[in-house]
Amino acid sequence: MSRVLQRLQRYLDLDYQPPRAQAEGRITRLIGLTLEAVGLQVAVGEYCLIRVRPGLEVEAEVVGFSGDRIYLMPLDSIDGLQPGAVVMPLGGASQVAVGPGLLGRVLNGVGRPLDGKGPIEAQTHVSLSGETINPLERHPIEQTLDVGIRAINALLTVGRGQRLGLFAGSGVGKSVLLGMMTRFTEAEIIVVGLIGERGREVKEFIEHSLGKEGLARSVVVASPADDSPLMRMRAAQLSTRIAEHFRSEGRNVLLLMDSLTRYAQAQREIALAVGEPPATKGYPPSVFAKLPRLVERAGNGATGGGSITAFYTVLTEGDDQQDPVADSARAILDGHVVLSRRLAEQGHYPAIDIEASISRAMPSIVDANHLATAMRFKQLMSRYQQNEDLITVGAYTRGTDPDTDFAIERMPVLRAFLQQGLNEAKPLAQSIQELAMVLSPPPTAPAPAAGAKR
C-alpha cells in the first residue's frame, strides 16, 4: 500500500491544470476569398483550422472582425466547403522552424518542404513576426559589400546591411540580375523569397541561377502566383524571419525578394476582400503601412551582430516609375537600381540605367577618389544623353563643349564598362580599378620628328 501512496503522491505534486474546453465556430458565409465565421473568440493574426470535408482540414488566418463575425483568409484551396463547416482555433501566433537545417532546402509559405528531401531538420521554432529593433541600437552601414556586378560595385556601391530596390517592368532582366548576385555576392547565408512569380521560374532559378554550390548556402521560399494571397504574404514574412534568425547568430545574410510588388498586391487582395476602401490607385492604406514593416526588419543588427543586406525587386507597371508601390518603396529603401527597357531592347545587359539609379549609402562607405570618379562617370553619361539627338543627326559641332567632346570619344568604352556576361564575376577592387581606367584619356600618339617623312 505504501508504494501505491508514493506513486499517487508523485502525481499530486505535479501542477494540475484542468482541461480547457475548445470552442468551435461555424462558417456562415463565403464571398470571394473571405470566410465569415461565428462562435469564436479569437484575435486578429491568430490561426484556425477549417474542416472542409472529412479528411481535409485547411489552415486560415484571422484577418478582421465585425461584431461577432470573424473574417478568415485560407492558406490553401477550400474547394468543397459547405455552409456550417467547423472552425477550430489553434491559438497563438504561428511558429516557424529555423536553423542550419534549412540550408539547401526549398520551402513554401508555411515552411513545408517543396523539394522532396524529407522533413525539415530544425530544433528551433520562433514566431513568424520578428522583434522590432531600436533604431538607436542598429549598427551603422560602414562596410562595403561585393555583389560581383561591375556597374553596381563601381557606381552604386552597396554597404553591408543596406536595403535596395531593383525597379523595372516585366521582362527586363530583374530575375537574371538577382541570379548573378546569388552566385557572386560575398555573403555567408542567402535567403531567396520568390513571391507571386511564375511557377516555372522557381525551378529555373534554383537550377540555373543558384546551382548546387549556391543552393548549399541558401534557403529558398517559394510561393508562385497561383497561391492564395495569404500564402504569398506568409512567404515574404517567412523569408524575412529566416534571415533575421541567421542575423541574430552573427551571420552576414543576403536577402533577395522577388518581388515586393507581389507582396503589396497580395495585401491589397486581402484588404479589399474584408471591406477596406481603396485609396491610391486601388491600393488600400494598409498596403503602405505593411511595406515599411517588412522592409525595416532587414538591415544591420546591434553592434557586433550580423547583418541582412536586402534586394527587393519592384515591378513598375508599364515602366511607370510613379506607380504607388514603386514610389512608396523608393522612399523607404536605401537606394534603387533602375533597369531600362530601352537598354534591354538594345541588347545591353544588365540593363542598368545609371543616371536614374542611386545608392544612398555609397558616400559614407567609399573614399573620396572613388566617389569623385563615379560622379564623373555619371556626368559624362548625362552630358551625352542631353546631346544625343544632335550627335545622332550630326548637328553637334566638336569643340562646343569639352565634356561633351570627351563623352563622345569615350562613349563606346563607357557602355562596354556597364555590360557584363551572365557568368562573369567582377570583384569590387577590380571594378574600381577598371572604372578609373575607362575615364583616363587615351594616350596621344607622339608628334613626328622634324623632317620625318609622313
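Colleague: What span does H6 reach from its first C-alpha to its last, and what is expected at 1.5 Å a residue?

Modeller: Keep in mind that this is a predicted model. H6 has 14 residues, and at 1.5 Å a residue the expected span is 20 Å. The helix comes out close to that, reaching 20 Å from its first C-alpha to its last.

Colleague: Which residue just after H6 takes a positive phi?

Modeller: H6 covers residues 260-273. Just past the helix, a phi of about 100 degrees turns up, and the residue that takes it is Gly-275.

Colleague: Is Ala-266 buried or exposed?

Modeller: Ala-266 sits in helix H6. The cut-off for buried is under 20% relative accessible area. Ala-266 has 0% relative accessibility, so it counts as buried.

Colleague: Which residues does Ala-266 touch, leaving out those up to four places away in sequence?

Modeller: Ala-266 is on the buried list for H6, along with others including Tyr-263 and Ile-270. Leaving out residues up to four places away in sequence, Ala-266 touches Pro-229, Arg-232 and Met-233.

Colleague: How far apart in space are Ala-266 and Leu-103?

Modeller: In sequence, 163 residues separate Ala-266 and Leu-103. Going C-alpha to C-alpha, the distance in space is 27 Å.

Colleague: Over in strand E7, which residue stands opposite Ala-97?

Modeller: E7 (residues 95-98) has Val-96 and Val-98 on its covered face, while Gln-95 and Ala-97 are on the uncovered one. Four bridges join E7 to strand E9, and the two run antiparallel. In E9, the residue opposite Ala-97 is His-125.

Key. Residues are numbered from 1 along each chain as its sequence is written. This is a predicted model: local features need pLDDT of at least 70, side-chain atom pairs count only at pLDDT 80 or more; totals for chains, interfaces and linings use all residues. Side-chain values use heavy atoms; hydrogens and water are left out. Buried means under 20% relative accessible area, exposed over 50%, partly exposed in between (1.4 Å probe, protein chains only). Contact means heavy atoms within 4.5 Å. Two strands pair if DSSP finds at least two bridges between them. The expected span of a helix is 1.5 Å times one less than its number of residues.
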